[in-house]
Amino acid sequence: MAEEMVPNPRHAQLVELLRRVQTRSHEVGQAYQRVYASMQSAKVWTGPTAAKWTNEVGERHHRLSQLVRQMTHAIEDEMHRHPAMVTRSQAELIRHQLTGRP
């Protein structure tokens, strides 16, 4: 008789992590946007130092967005390596591996 299939704890953990990253990604996307827009308006601060600082803020904003995309893709790739359903005994083994307890 085939063993009962149950949700894979590792897959479930990754789904939750991806959900949290996606929820926070909007926040991350907005992190520097208001400051950058204000600086671009030239109404807050002007001059060579302001231009340099504005460029740096823009670069950081772009880099942060890239990192979130990379993290999302890495989590999705890892999710594809772990099936959503496994046998009960596999799930128990995975739970032990995740918690570090025998």
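**Exercise 1. Which residues is Glu3 in contact with, leaving aside its neighbours within four places in sequence?**

Before the solution, a word on the model. It is a predicted one, where local features need pLDDT of at least 70 and side-chain atom pairs count only at pLDDT 80 or more, while totals for chains, interfaces and linings use all residues. Residues are numbered from 1 along each chain as its sequence is written, and side-chain values use heavy atoms, with hydrogens and water left out.

*Solution.* 
- Start with the place: Glu3 lies in the segment before E1. Helices (H or I, at least four residues) and strands (E, at least two) are DSSP runs numbered from the N terminus.
- Now the contacts, meaning heavy atoms within 4.5 Å. Glu3 is in contact with Thr87, Arg88 and Ser89, its neighbours within four places in sequence set aside.
- Then the accessibility scale: buried is under 20% relative accessible area, exposed is over 50%, and partly exposed is in between (1.4 Å probe, protein chains only). Because its relative accessibility is 40%, Glu3 counts as partly exposed.
- Finally, a distance: 22 Å separates the C-alpha atoms of Glu3 and His80, which are 77 residues apart along the chain.

**Exercise 2. Find the place of Asn8, and decide: is Asn8 buried or exposed?**

*Solution.* 
- Asn8 sits in the loop between strand E1 (5-7) and H1.
- With a relative accessible area of 3%, Asn8 is buried.
- Apart from neighbours within four places in sequence, Asn8 is in contact with His82, Pro83, Ala84, Met85, Val86 and Ile94.

**Exercise 3. At what angle do H1 and helix H4 pack, and which residues make the contact?**

*Solution.* 
- H1 and helix H4 (residues 88-99) pack at about 55°, and their axes are 8 Å apart.
- Therefore H1 is oblique to H4. On this scale, angles under 35 degrees are roughly parallel, over 145 roughly antiparallel, 65 to 115 roughly perpendicular, and the rest oblique.
- H1 brings Pro9, Arg10 and Gln13 to the contact, and H4 brings Ala91, Ile94, Arg95 and Leu98.
- Sorted by type, the residues of this contact are four nonpolar, one polar and two charged. Here Ala, Val, Leu, Ile, Met, Phe, Trp, Tyr, Cys and Pro count as nonpolar, Asp, Glu, Lys and Arg as charged, and the others, Gly among them, as polar.

**Exercise 4. Which residues make up the largest nonpolar core?**

*Solution.* 
- Such a core is a set of buried Ala, Val, Leu, Ile, Met, Phe, Trp, Tyr and Cys residues joined through side-chain atoms within 4.5 Å.
- The largest has five residues: Leu14, Leu18, Val21, Ile75 and Met79.
- Helix H1 (9-30) and helix H3 (48-81) are the elements giving two or more residues to this core, and H1 gives the most, with three.
- Take Leu18 as a member to inspect: not counting residues up to four places away in sequence, Leu18 touches Thr72, Ile75, Glu76 and Met79.

**Exercise 5. How many aromatic pairs does a search of the whole structure find?**

*Solution.* 
- Rings of Phe, Tyr and Trp (its six-membered ring) pair if their centres lie within 6.5 Å; planes under 30 degrees apart are stacked, over 60 edge-to-face, and the rest tilted.
- The search finds one pair. Trp45 and Trp53 form a tilted pair, 6.1 Å centre to centre with 55° between the planes.
- Trp45 is partly exposed at 40% relative accessible area, and Trp53 is partly exposed at 36%.

Methods: Axes fitted to C-alpha atoms, helices over the stretch in contact; angles between N-to-C directions.
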